[in-house]
Amino acid sequence: MSSSRATRVLVLNSGSSSVKYQLLDMSDSSRLAVGLVERIGEETSRLKHTHVESGATREWTGPIPDHEAALKAVAEELAKDGLGLDSPELAAIGHRVVHGGQTFTAPTVVDDAVLAEIERLIPVAPLHNPANLTGIRTAQALRPDLPQVAVFDTAFHTTMPESAARYAIDVATADAHRIRRYGFHGTSHAYVARATAKLLGRTPEEVNVIVLHLGNGASASAVRAGVCVDTSMGLTPLEGLVMGTRSGDVDPAVIFHLMRVGGMSTDEIDTLLNKKSGLIGLCGDNDMREIRRRVDEGDEQAQLAFDIYIHRLKKYIGAYYAVLGRVDAVAFTAGVGENASPVRDAAMAGLEGLGLSVDGERNAVRSDEPRLISPEYSRVAVAVVPTDEELEIATQTYALVGSNTQQ
């Protein structure tokens, strides 16, 4: 490959104590390297790096004090494989940023104004945006000459009409505090909606899809002709479906009740709803594999947790069917959606009147490829579509800056 043709994109997903990364070549969307740095700030920090072509994996454990040291360690590992950050073939670094508010509706080249706005959004994403900012600033210091692109989890959902995005509270209060439904997992929903259309042999503009991103965090979206018109998460990722440790939808008065009657502080309630609720709150486990094992052994508490999870999921499928009017496909994705066949089966059970059902044999097949699990002549396709958020971030990043790298 000529050095005058920069086609590589490094994707960084910076968490509060971790950095996930992938280096991709966008000439063919292939992965060159993948890795993870975790437990940043601890004596037992760990770096795992894989060179994809050779399959060689290196692991290192030791103190990594901060994100700057983490990214320098990543750069060293990439350099060992001849894929260093100083390569002229590197076109840009794409960063996952969780919250872009209403400001950022598309991938954006980072400058000082962009950084300031991401920082201004910290109050609505206190767990994520600070870490995302740290990753961007550290990468800027390592390669100040290279375009840094922010790809926002919320961007795909900014197409929601006001009727879906607004909460029914006083407008002046909502606007003063930027209270509205933003939605999350946007890169996954965008990728899966497009991949589902491809699986059906159609363009995104031709299909209406309900996307079910079911992992430890879970969200649903209604996508009409490639455009999001509704999604289950709201101001924060707490709203919507039952999740691993998050409650999803609750009556807001539960919070006041816990304050007045339970004597709980706002921080205690925040911890309860975000970290001690959902599946783990209902049965003590947030791993669907363990829950299903317990269900199979007759554990009533695990069965109830599973039933509540499925009940909420069905409600959203039905609601988004109504929102879209016509549904061409329902697509399951993410860790649970891609791997837990009992969840898919239970979610579709009883919805035959809506044209939704799964074929038992097809549903039982495990594969890393997009596939249909509905019967041959089903009115609505039911699909399993593995998500690829890193590829989506790289694709959006390269689409924005790639034309500037061609000589």
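Valine 343 touches Leu214, Met288, Phe306, Tyr309, Ile310, Leu313 and Val336, leaving aside residues up to four places away in sequence; contact here means heavy atoms within 4.5 Å. The model is predicted, so local features need pLDDT of at least 70 and side-chain atom pairs count only at pLDDT 80 or more, while totals for chains, interfaces and linings use all residues. Residues are numbered from 1 along each chain as its sequence is written, and side-chain values use heavy atoms, with hydrogens and water left out.

In soluble globular proteins, nonpolar side chains tend to be buried together. A nonpolar core is a set of buried Ala, Val, Leu, Ile, Met, Phe, Trp, Tyr and Cys residues joined through side-chain atoms within 4.5 Å, where buried means under 20% relative accessible area, exposed over 50% and partly exposed in between (1.4 Å probe, protein chains only). Among the 45 residues of the largest such core, Leu214, Val343 and Met348 touch the most other members. Helix H11 (300-324) is one of the elements giving two or more residues to this core, and H11 provides its largest share, 11 residues. Helices (H or I, at least four residues) and strands (E, at least two) are DSSP runs, numbered from the N terminus. Another core, of 34 residues, lies apart from this one and includes Leu24, Val149, Val151 and Val209.

Arginine 143 is buried, with a relative accessible area of 12%. Its contacts, not counting residues up to four places away in sequence, are Leu85, Asp86, Ser87, Leu90 and Gln148.
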